[in-house]
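Here is a short briefing for a reader new to this protein. Look over the sequence and the structure, then read on.

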Amino acid sequence: MRVTGTGHASMRIDTAAGSILCDPWVNPAYFASWFPFPDNSLLDWETLGQVDYLYVSHLHRDHFDAKHLRDFISKDATVLLPEFPTSEMEDEFRALGFTKFLKAPNEQVVELPGGLKIMIQALTSPTDGPIGDSSLWVEYDGVRLLNQNDARPTDLSVFAELGHVHAHMLQFSGAIWYPMVYELPQAAKTAFGKQKRDRQFDRTWRYIDDLKADHVFPIAGPPCFLDDALWQFNDIHGDEGNIFPDQSVFLSEYAKVGGTNGIVLLPGSVAEVTTDGATTTHPVPIEEFFANKVAHLEEMRERKRPIIEAEKASWRHPEVDVLGQMKSRIEPLLEESIYLAKGVGGPVRFDLVGYDGESVESIVVDFPGQEVRPYADEKVRYRFRTDRALIEHLLFIDEVDWVNSLFLSCRFSAARIGQYNEFVYAFFKCLSEERLQYAEGWYDEHERSTDAEDITLGDWVVQRRCPHLKADLTRFGIVEGDQLTCQLHGWRFDLPSGRCLTSVGHKVRAHRVDKETPAPAGEALT
Ligand code: FES
């Protein structure tokens with residue numbers, strides 16, 4: 001099995017029974033904030049795009065690059081579709097001209113002509129990607145590969161049960177706006193960033209250990225930030241709180257925990273994977289490439305500047321009545337929302353900075369009051385500050401997912417009272433009837449599901465499944481003193497009270513081994 005690195009989470013898998021192109025991303029994403037690094041735009045995409053199968057793990061724009069898919073990928077390719085709850089991904093593919101689809105039943109091996117086997121695991125909680133993320137398992141001629149991508153399944157047993165895996169591709173770096181955009185003292189940001197960076201690596205080691213593949217390929221990031229306004233997010237400034245460590249850092253951190261089987265793919269690197277080993281060739285030596293990272297980034301910044309400027313020029317739509325349109329789009333959803341609105345639990349304020357860089361219009365999305373209105377000098381749960389032009393653009397293009405556009409762009413700052421609130425972001429990625437209904441239904445089921453099994457961790461008896469997304473705490477739970485940490489997403493819980501220290505709600509059921517009465521759980525959405 002031949003694996004060609006094509007940048008970020010993208011790769012082309014070639015076998016004698018056919019080729020699969022995964023997640024080809026080339027054009028900047030999220031308001032021209034993210035670019036693939038190393039640059040992959042100079043690859044021979046005309047040739048790479050002539051494939052038998054196309055797999056895109058999810059709709060995040062650093063994976064689903066509509067322009068690139070339209071311009072370069074063969075419309076004869078059969079699209080391998082994860083079993084997602086909504087038809088959005090298929091609709092987007094059809095709009096680009098794709099007509100051949102294979103809807104892969106979730107977690108079931110599908111045998112394709114010639115003996116190529118695939119299995120797709122779809123994750124479908126409202127917090128998984130843009131309502132859905134997925135991983136692709138491939139087997140041909142005894143060689144097995146798992147492209148886990150940036151998906152976070154609770155465990156990898158469904159893949160491990162299919163036999164020993166030879167190549168495991170997974171994310172290790174950050175792909176989020178936290179903590180950089182928060183209006184915090186620099187020392188606090190650094191401390192939170194460092195924690196997050198450590199957690200990302202811990203989670204990666206755990207997944208690697210789960211599968212024990214012969215070879216581990218760090219993929220799916222980090223992106224690079226070429227706009228001057230975002231340049232500081234690149235991990236080139238010696239900031240230990242930077243959440244975007246690159247592949248060379250992965251190799252050195254992995255070595256510290258005994259990892260010796262990491263393989264980095266640059267765009268154009270080729271790995272030949274067999275049951276006996278892997279041989280890899282690179283367009284330039286890996287160490288040399290990363291030793292010159294700053295120079296590569298500076299060169300890319302100059303080359304891509306016109307693209308960024310052209311995108312920026314398209315954002316302003318002065319004719320858009322922002323308050324009026326937010327009202328008409330969001331108020332009907334507020335009226336329908338039970339779980340998400342209750343979960344947010346307070347007003348969320350948007351400060352929109354005008355074209356002059358100074359004037360500010362403040363708009364409140366009032367979840368309890370079910371209305372969108374001007375800010376009224378009140379206490380708010382969250383405050384976001386961003387350029388008015390960005391919101392104008394989102395309204396102009398009728399964007400239903402403000403996470404997959406505004407928030408991932410990192411072109412905003414934020415402040416909040418209290419803990420992280422996942423419902424805020426879940427709501428703003430569900431600005432359509434279809435998505436909102438799905439998310440509401442998911443939380444409804446989640447709320448009702450019983451979770452009676454308990455386990456013992458250290459001196460504590462705790463519920464087996466994490467109150468966040470049900471990770472098995474026998475594997476992901478760590479108790480230190482009176483605190484439980486679930487390593488899947490790093491959420492922490494105070495065991496004596498059961499309180500979640502990371503987010504609103506999500507109480508854990510726990511009691512000391514020597515005490516009989518458990519602390520009450522529940523009230524997950526308060
Ligand atoms: S499942 Fe997310 S922190 Fe446990």
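In strand β11, Leu 146 is the bridge partner of Trp 137. Strands (E, at least two residues) and helices (H or I, at least four residues) are DSSP runs, numbered from the N terminus. This is a predicted model: local features need pLDDT of at least 70, side-chain atom pairs count only at pLDDT 80 or more, and totals for chains, interfaces and linings use all residues. Residues are numbered from 1 along each chain as its sequence is written, and side-chain values use heavy atoms, with hydrogens and water left out.

**The sheet**
- Strands β10 (residues 133-140) and β11 (residues 143-149) pair in the antiparallel sense, over five bridges.
- Two strands pair if DSSP finds at least two bridges between them.
- Six strands form an open sheet with mixed pairing, in the order β8-β9-β10-β11-β12-β13.
- Its edge strands, β8 (110-111) and β13 (215-219), each pair on one side only.
- Helix α5 (residues 186-211) packs on the sheet and touches β11, β12 (167-171) and β13; contact means heavy atoms within 4.5 Å.
- The direction of α5 makes about 160° with that of β12. Axes are lines fitted to C-alpha atoms, for helices over the stretch in contact, and angles run from 0 to 180 degrees between N-to-C directions.

**Cysteines**
- The structure holds zero disulfides (pairs of cysteine sulfur atoms within 2.5 Å).
- For Cys 224, the nearest cysteine sulfur is that of Cys 410, 13 Å away.
- Cys 224 is buried, at 1% relative accessible area. Buried means under 20% (1.4 Å probe, protein chains only).

**Confidence**
- The protein averages a pLDDT of 94, on the predictor's per-residue confidence scale from 0 to 100.
- Over residues 518-526, pLDDT stays under 50.

Methods
Buried < 20%, exposed > 50% of the residue type's maximum accessible area, 1.4 Å probe, protein only.
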